[in-house]
Amino acid sequence: MNQQRLLDEILPRVTKPGRYIGGEWNAVRKDWNNTPVKFALAFPDIYDIGMGHLGYKILYYILNQREDTLAERVYAPWTDMEARMRECELPLFSLETRHGLADFDLVGFTLQYELSYTGILNMLDLGGIPVLAAERSLRDPFVVGGGPGVFNPEPLAAFFDLFVIGDGEEAIHDLVDLYLNWKRNGSSRETLLLQAAAIPGVYVPRFYQVKYDETGVIQTVTPTRSGIPPRVQKRVVQDLDSAIYPMSLVVPYIEVVHDRIMLEVMRGCTRGCRFCQAGMIYRPVRERRRETLLKHAEALVKSTGYEEISLASLSTSDYGDIQGLIQGLLAKYGDCGVALSLPSLRLDSFSVDLADEIQTQRRTGLTFAPEAGTQRLRDVINKNVTEEDLLSAATAAFKAGWDSLKLYFMIGLPTETLADVAGIAQLTRNVLRLGREIRGLERKAGRVKISVSVGCFVPKSYTPFQWVAQAAIEELEEKQRYLRGLLSDRAISFSWTDAEKSLLEAVIARGDRRLGKVLYRAWQAGSRLDGWSEHFSFSLWQEAFAAENLDPYFYSHRERNKGEVLPWDHIDAGVSKQYLLEEWAKALAGEVTQDCRYDGCSGCGLCPTFGVKNLLVGGGHPSEA
Amino acid sequence: MRLRARFLKEDAVRFISHLDLARTIERAVRRAGLPIAYSQGFSPRPKMAFGSALAVGVTSSAEYIDMEFADEIVVEDCLSLMNQNLPTGIRFKEAVEIGPELPTLMSVIDRASYILTGNLGQNQDLGLKVQRILESEVIWVERPGKKQTRQIDIRPWIFSLEVLKEGAGVGSAALLVQTGSRGNVRPEEVAVHLSWDITRIRIHRSGLFIARGSRLLSPLDVAHC
Ligand code: SF4
């Protein structure tokens with residue numbers, strides 16, 4: 001690539017050129033010509049977002065640890081940069097050595113968000129790789145998908161050569177080993193794909209045939225070759241404690257999200273919230289030991305110079321040794337300008353006390369997520385917190401001196417009525433009243449602020465709500481208006497998500513292979529970076545659906561038959577359909593399910609079928625044996 | 001202990017902003033394990049202060065920083081530790097210890113010199129344009145303000161401008177201007193008057209100074225006074 005042209009002619013004319021320069025501290029630049037396997041880790045959003053992604057930090061480190069492999073980062077360009085690149089015929093390039101995407105052997109994309117999918121097509125195209133997998137030749141890289149989106153990869157089936165389902169730490173080695181072997185023997189692309197399909201956790205969509213009935217419902221999904229597994233089980237790294245974790249992280253120049261050390265204290269969550277896909281697909285719970293985490297922290301503080309450590313997981317206050325860990329970290333780093341933060345707090349006063357111990361949390365504020373406004377609905381979604389929990393957490397926070405709190409809710413949850421929506425406002429006002437009372441003692445009642453942010457519920461695969469109909473746009477918007485009316489108060493700020501975006505998320509999240517054509521059309525019509533409101537155009541999507549003769553409401557708004565073959569049934573997340581159906585029935589009956597970490601197995605099926613278990617720091621770690 | 005250092009911002013990092021640069025240096029200090037002093041309060045900040053912010057896209061061989069340490073350190077060690085911990089394109093070149101009372105860089109720096117380099121295009125006579133600027137009594141530029149754009153005459157703040165090189169389609173000029181709170185010229189403003197498309201030229205800051213009568217002192221010189 002013409003580097004000078006990039007530096008002299010393109011970067012001076014784009015916004016935030018620092019996104020495209022690379023060369024950051026700890027970025028790994030290997031000898032291109034003498035490294036056999038070249039792996040691009042491509043993120044379908046801009047640098048500012050992609051650099052915060054923990055999964056890629058782990059894979060970048062693991063791959064670059066291998067002598068035979070180099071891994072480089074690739075991000076989506078912002079639209080101004082894309083225009084310049086197309087104008088100058090500059091292909092999408094990696095930050096480390098500025099090689100075009102097509103120069104790599106393997107190109108990974110992480111599937112974090114449905115609305116980033118057209119961005120993937122755009123990046124492939126900008127990188128000079130045929131967008132359709134079927135059109136790729138021996139010259140082209142293999143395009144690999146990973147991340148939570150693989151728990152329904154079907155809408156992307158036409159664009160990917162293979163997907164890796166589940167934890168990537170071990171599977172990525174299997175893939176690279178296989179690639180090396182295949183390259184030595186110089187055989188066809190199909191040979192590699194056939195061999196890859198034999199790796200546990202690898203799904204090669206082209207070896208499956210999907211048949212639909214006349215209404216568009218799937219009848220069968222069957223392997224087209226012998227030896228192709230009818231279901232692909234996700235990979236699970238059972239012993240997370242001794243799993244490799246990055247000892248260095250690329251330290252960006254420009255500001256990015258999560259620009260700090262992330263210590264992954266555990267993976268998985270078994271609280272069993274019924275709307276939450278992460279809680280189902282990342283099971284079982286695997287905690288790292290305090291000593292391990294302190295070691296990670298020490299290495300990372302040294303190698304990055306970061307001023308903040310964040311304790312990452314789906315629900316950090318659930319980590320079994322949280323107090324010990326925080327004390328250990330504070331004792332070590334409290335005095336040398338390295339702060340701590342807790343991004344995901346449980347809703348209780350214990351968590352507030354933890355946050356109180358940590359000074360940084362003053363700046364970042366506290367967010368609580370009751371998710372629903374009434375106890376009835378919280379029972380339906382199995383969010384096992386009560387109004388009392390919220391009020392006691394809020395009390396603790398106000399007493400400890402916080403003036404403002406953020407509350408997160410959803411609307412459009414199954415069985416929701418206007419009374420539940422009104423419950424959101426009621427709960428918010430109760431918190432506000434409490435805040436004014438408590439802060440009033442210090443004459444600071446006027447400072448109390450509550451921000452309420454309300455998302456639209458999007459049903460996802462591998463959750464007990466995978467069969468339900470999403471509320472229609474009109475209904476969601478009606479509820480937003482209703483709530484806005486109830487929340488008008490100068491001390492309350494109210495924000496909500498775009499119902500049209502949520503609809504599209506729901507369509508893609510539970511879509512089938514036929515949606516590939518819609519994605520393709522939408523991309524050609526200009527869809528990219530749709531997560532950014534300034535780029536999202538719903539009418540563009542509506543046209544794409546119409547042109548392909550598909551109805552978005554078929555995917556979002558149709559309640560699935562319980563016996564129906566779901567597009568993702570051949571991907572095995574471990575939790576059984578039987579369990580999900582039982583949970584769905586319990587939801588309708590308003591019955592709750594306990595956390596299997598503490599209260600005994602609730603029978604999701606994962607542990608016995610996969611031969612894994614929850615591993616808590618209290619309960620004997622394999623690495624201690 | 002207080003230290004004043006000069007460093008370079010080279011090509012590899014010319015597209016990062018002043019804030020990005022400050023953050024990068026802070027993190028390098030921490031990696032280097034230097035005993036930087038911190039401010040008090042909820043979010044302690046390392047005690048570092050810069051001379052004059054550099055615009056995105058501009059390279060420099062004359063960036064200055066004052067750093068305060070909680071312990072005594074050896075100047076040479078500090079330089080080498082910093083350089084081992086800085087990404088390519090940022091290089092500490094020299095440093096001196098300064099007294100606690102020495103005024104901040106920001107409050108004393110009042111001159112900046114730049115080198116502008118760009119394609120000349122056809123029939124462009126750089127020398128003539130330079131002469132025209134120097135002969136002008138006033139040079140109006142527009143500065144976007146909070147409410148409205150203001151017209152400002154930058155001519156009194158242009159102290160010298162000369163052609164360094166002209167030929168083979170490329171030209172370059174050296175510029176010395178006022179900088180700081182009592183008047184400030186951006187090199188791009190002069191470049192425009194030389195008919196240069198500012199997204200197509202290179203700007204390099206070659207010096208920051210403190211004017212003492214007719215003499216120009218570098219921020220390291222004043223440390224000894
Ligand atoms: S099998 Fe039982 S213990 Fe294991 S994750 Fe599922 S519910 Fe929990």
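Let me start with two parts of chain A: the C-alpha centres of domain 1 and domain 2 of chain A lie 35 Å apart. Domain 1 covers 3-229, and domain 2 covers 362-514 + 550-560; these bounds come from an automatic or database domain assignment. The contact between them (heavy atoms within 4.5 Å) takes 18 residues from domain 1 of chain A and 15 residues from domain 2 of chain A.

A word on the basis: this is a predicted model, where local features need pLDDT of at least 70 and side-chain atom pairs count only at pLDDT 80 or more, while totals for chains, interfaces and linings use all residues. Residues are numbered from 1 along each chain as its sequence is written, chains are lettered from A and ligands numbered from 1 in the order in which they are written, and side-chain values use heavy atoms, with hydrogens and water left out.

Back to the two domains. Domain 1 and domain 2 of chain A bury about 1,400 Å² between them, and carbon and sulfur atoms give 57% of that. Buried area here is the accessible area (1.4 Å probe) that two parts lose on being put together, summed over both. On the domain 1 side, A:E114, A:L115 and A:Y212 supply 38% of the area buried against domain 2, more than any other three residues.

Which residue forms a salt bridge with A:E114? A:K460 does, with the closest N and O atoms 3.0 Å apart. The count between the two domains of chain A is two salt bridges, each being a side-chain nitrogen of Lys or Arg within 4 Å of a carboxyl oxygen of Asp or Glu.

Now the two chains. In chain B, 24 residues are in contact with 29 residues of chain A. The area buried between chain B and chain A is about 2,300 Å², with 53% of it on carbon and sulfur atoms. Five salt bridges are found across this interface. A:D259 and B:R27 form a salt bridge through their side chains, at 3.3 Å, N to O.

Last, the ligand. What surrounds the ligand? The shell consists of A:R283, A:C596, A:C601, A:S602, A:G603, A:C604, A:G605, A:L606, A:C607, A:P608 and A:N614, taken as residues with a heavy atom within 4 Å. Helix α23 (residues 606-610) of chain A gives the most to this shell, with three residues; helices are DSSP runs (H or I, at least four residues), numbered from the N terminus.

Note on methods
Helix = DSSP H or I, 4+ residues; strand = E, 2+ residues; numbered from the N terminus.
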